[in-house]
Amino acid sequence: MTGPVRPVARPPALQRWGRVTAGRSRLLVWAGLALAVLGLVLAAGTMDRLVLSRFESPGSESLRTRAVLEEEFGTGTPGVLLMVTAARGTVDDSAVAAEGRALEQELARQEGVAEAASYWSRGHSPAMRSADGRQALVIARMSGTVTEARARLADLSPAFTRDGARVSVRVGGGDEVFRQAAEQARKDFLRAELIVFPLVLLLLFAIYRRLSAAFLTLGMGLFSVVTTLALLRGVTYVTDVSTFAANLALVMGIGLGVDYSLFVISRFREELRAGRPVADAVEHTVARAGRTVAFSGLTVVLSLSALLLFPFPFLRSFAYAGIATVLTSVFAALVVLPAALARLGLRVARPSADGRSAGARSAGARSGGGWWHGTALRMMRRPLLYGIPALAVLLGLASPALGLTFGVPDDRVLPAGVSSRVVQQEIRDRFAAEEMDAIQVLRPGQAGGPANGAAIEATALDLSRIAGIHQVDALTGSYAQGRRIAEPGPSAARFSGERDTWYSVVATHRGLDRDIDRVLAGIRAVPGVQVGGYPAELSDFRDELTGRLPLVLGLILVTTFLVLFLMTGSVLLPAKAMLLNTLSMGVMAGVLVWIFQEGHLSGVLGFTPSGSIEPSIPILMFCIAFGLSMDYEVFMLARIKKEYDRTGDNLGAVATGLERGGPLITSAAVVLAASFATYASSGIVFLKMLGIGMVAVVLIDATLIRAVLVPVSMRLAGRANWWAPAPLRAFHARFGISESVSAVNPPGSARWRAQSGETRSAVPR
């Protein structure tokens with residue numbers, strides 16, 4: 001009798017896919033090219049569909065106030081100003097005043113202008129006149145969406161920039177500032193494209209020593225960029241996507257596309273060196289490296305997905321761009337790239353000393369030394385000697401983050417010579433206050449009429465006594481420091497409503513720049529008022545952003561912990577990885593504070609520090625950097641885990657993992673840092689922060705973290721590195737992933753215990 005025939009186990013899905021890519025390589029290569037061409041066609045129209053957005057929090061008190069003001073009073077926050085400068089005399093001279101009124105009327109007639117006012121029509125408001133009397137303001141509110149408003153400004157701004165015999169006119173205001181910022185960002189995007197591609201190609205050739213491999217890797221990055229932009233075009237039909245998302249798509253598309261391709265090609269070369277035929281090498285590359293690439297992509301996606309928890313289109317746009325970039329990069333690495341490797345074969349292998357391809361050498365060529373291997377053993381031989389100084393350096397770099405101050409963005413995000421910034425600087429220097437940033441205070445239920453005159457005046461007097469307030473305009477007149485300074489004129493009618501009334505509260509420059517939270521708190525302490533206007537909108541945006549931050553950070557930490565546990569089967573390793581990555585995030589925050597908040601190197605880098613940092617950019621950078629750091633962590637732990645499963649030797653696995661993963665991670669880090677570094681010379685402070693901060697965190701992560709603290713922490717933890725409670729071990733056995741096909745000496749086996757004991761004495765001392 002014969003026993004029952006056992007079914008042959010099916011190979012893993014990725015191994016089967018690797019076989020398909022090798023067998024259908026020509027078809028897949030042509031399909032990849034077709035997708036790239038289609039992506040290029042669709043991406044060509046993406047930039048025209050991207051939009052601009054304001055810093056505002058949906059559902060906030062400030063936006064509710066804005067809605068009431070627009071509906072009941074037909075007014076709102078002005079976004080554009082004309083600075084009128086008298087060539088001779090003052091703005092109160094009759095000829096200059098006539099020019100100013102004519103400018104106001106001309107601006108009010110322009111398409112897209114909802115309302116306009118001026119120093120002359122507002123009863124010669126002191127807030128709208130410079131201290132020397134030579135300059136005055138015309139202000140306007142644009143209708144439509146912010147994108148429509150700023151698109152219209154592209155025509156209005158040059159049309160109203162004038163030099164006449166009596167007056168000169170310059171355009172400023174928040175909408176003009178951020179319109180010019182978006183315009184500069186587009187220019188920086190195009191310039192970055194011209195720099196990053198040849199730079200990355202040169203770096204890749206230095207890494208590979210093969211033009212074919214360098215072009216192939218860069219091609220995967222380009223594939224990711226164009227298909228990401230194509231996907232973003234599709235997203236624009238469903239929701240708004242910020243213009244700045246294209247900048248992220250460029251650097252992340254190149255960075256991740258190159259990262260994953262480096263990993264896959266490196267593994268393919270190893271398989272060739274092991275003596276496998278090209279088709280088998282592709283199959284095993286996809287089977288083993290594919291899992292690591294997929295889980296690496298998952299960690300980045302999870303980090304970036306956390307941005308969707310913020311109710312702000314600006315941050316959500318970066319989530320759309322980042323997630324699309326990861327998906328297209330993983331697709332390129334696991335579909336297009338393996339097929340291309342099957343076609344190129346040995347032409348991708350590193351040339352050997354005798355000129356032959358390295359893949360032609362015999363199988364058994366295994367590494368057992370090298371700088372990374374020796375470095376790992378050196379770190380583990382004296383872990384405290386190397387670990388404590390490295391930790392001290394990182395803590396020192398991170399220490400400026402203790403002084404982090406969140407603020408609001410202004411015209412200083414632009415280069416010094418840009419026209420709207422020049423105008424805003426003149427307002428700071430020559431005007432006592434800034435009418436454009438008036439805080440709009442609504443008093444619901446208090447009708448704006450003579451019957452309530454006494455109550456309206458009492459509220460205006462209370463508001464004018466708040467420290468940091470320059471002037472309060474109301475239905476009953478203008479007030480400052482607890483007294484009336486002007487009787488009501490024709491412009492006071494704007495405060496009259498059948499159900500409600502409102503007040504225009506103009507803060508001093510100091511009140512806006514340094515004490516805005518205290519000023520807003522003082523206003524909110526007045527009974528029965530709602531607060532709106534641009535300063536309040538920025539404050540509500542910042543409060544909502546920082547309020548959701550713990551939830552976002554917690555979600556990122558929990559999800560990445562689960563991903564790393566699924567890969568390692570350990571509880572300690574994911575915890576250490578998150579601790580070390582958090583340390584590298586601290587370094588990034590320290591660099592941002594030291595440079596952009598405190599102003600060190602501002603002269604070299606060409607920007608003006610404002611004394612604070614706008615909070616959305618560091619949060620965005622944290623999500624990107626944490627995901628990329630975990631990306632490197634997955635690469636490194638995958639190699640260590642594979643070797644540990646094979647031998648059960650903790651220290652030897654660390655040394656071998658660093659030896660094989662270290663050069664790859666360093667190469668990927670250099671390429672990624674080079675991609676982000678192209679924005680370090682951007683004229684926009686936001687992009688400059690992104691470039692410099694990401695360069696710092698990527699390089700620190702790939703050097704001190706991976707080369708020193710990872711082997712040191714692995715040595716100090718010993719066998720505890722791989723510990724997990726029995727229920728979690730069972731869960732990992734069922735659902736975990738690894739590059740290893742099987743573990744020869746699984747943890748807990750007799751041979752594992754024996755080898756673990758032997759390795760403790762095998763480490764050089």
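## Strand β10 and its partners

Strand β7 (residues 469–474) pairs with β10 in the antiparallel sense over four bridges; two strands count as paired if DSSP finds at least two bridges between them. Helices (H or I, at least four residues) and strands (E, at least two) are DSSP runs, numbered from the N terminus. Within this pairing, Gln-471 stands opposite Val-506 in β10. Strand β6 (residues 439–443) is also joined to β10, by five bridges and antiparallel, with Ile-439 opposite Val-505.

How many residues of β10 (residues 501–507) are buried? Seven of its seven are, where buried means under 20% relative accessible area, exposed over 50% and partly exposed in between (1.4 Å probe, protein chains only). In a regular strand the side chains alternate between the two faces of the sheet. In β10 both faces are covered, with Thr-501, Tyr-503, Val-505 and Ala-507 on one side and Trp-502, Ser-504 and Val-506 on the other.

## About the model

This is a predicted model, in which local features need pLDDT of at least 70 and side-chain atom pairs count only at pLDDT 80 or more, while totals for chains, interfaces and linings use all residues. Residues are numbered from 1 along each chain as its sequence is written, and side-chain values use heavy atoms, leaving out hydrogens and water.

## A five-stranded sheet

Elsewhere, five strands make an open sheet in the order β2-β3-β1-β5-β4, with antiparallel pairing. Its edge strands, β2 (113–118) and β4 (162–163), each pair on one side only. Six bridges join β1 (residues 80–86) to β3 (residues 135–142), and Leu-82 has Val-138 in β3 as its bridge partner.

## Two residues of helix α11

Helix α11 (residues 313–344) holds Leu-341, which is buried at a relative accessible area of 1%. Leaving aside neighbours within four places in sequence, Leu-341 is in contact (heavy atoms within 4.5 Å) with Leu-216, Val-264, Ile-265, Phe-268, Val-278, Val-282 and Val-348.

Phe-331 is in helix α11 too, but counts as partly exposed because its relative accessibility is 33%. Together with Leu-35, Leu-38 and Leu-42, Phe-331 forms a nonpolar surface patch with about 320 Å² of accessible area (Shrake-Rupley method, 1.4 Å probe; for residues, only the protein chains shown count as cover). Patches are made of residues with over 30% relative accessible area and no salt bridge; like charges are joined within 9 Å, and nonpolar side chains (Val, Leu, Ile, Met, Phe, Trp, Tyr) within 5 Å. A salt bridge is a side-chain nitrogen of Lys or Arg within 4 Å of a carboxyl oxygen of Asp or Glu. Helix α2 (residues 25–43) gives the most to this patch, with three residues.
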